[in-house]
Amino acid sequence: MSPLNVKDLKDDIDTFRDSLNSIYDSTNALLQTTENMQSGLSQAQSGLSSLDRANSSISASKDSSFAKSETA
């Protein structure tokens, strides 16, 4: 077994620290991307709800127009 080399140990600790920092940065980037996706999905949901309301309004107007034309 080789003797404990302080320089190698320090290098290993530095490498470990750098790896942890990279993991931390990557995790933050992933979380930010997830937040952005959530915001985009919320906007898409709002847009689809608006389209659904417009569709309902058009359908109601169409039904009313057909009813008026049948009675005329």
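Hi everyone, let's start with lysine 7 and aspartate 11, whose side chains meet in a salt bridge at 3.1 Å, N to O. By salt bridge I mean a side-chain nitrogen of Lys or Arg within 4 Å of a carboxyl oxygen of Asp or Glu.

A quick word on the background. This is a predicted model, where local features need pLDDT of at least 70, side-chain atom pairs count only at pLDDT 80 or more, and totals for chains, interfaces and linings use all residues. Residues are numbered from 1 along each chain as its sequence is written, and side-chain values use heavy atoms, with hydrogens and water left out.

Back to our pair. Lysine 7 and aspartate 11 are four residues apart in helix 1, residues 6-71, so about one helical turn separates them. Helices here are DSSP runs (H or I, at least four residues), numbered from the N terminus. Lysine 7 is exposed at 56% relative accessibility, while aspartate 11 is partly exposed at 32%. Exposed means over 50% relative accessible area, buried under 20%, and partly exposed in between, with a 1.4 Å probe and protein chains only.

How many salt bridges does the structure hold? There are three. Let's look at aspartate 14, which is partly exposed at 25% relative accessibility. Its side chain meets that of lysine 10 in a salt bridge at 2.8 Å, N to O, and these two residues lie four apart in helix 1, about one turn. Aspartate 14 also meets arginine 17, at 3.4 Å, N to O. Those two are three residues apart in helix 1, again about one helical turn. Arginine 17 is partly exposed, at 46%. Through shared partners, the salt bridges join Lys10, Asp14 and Arg17 into one network.
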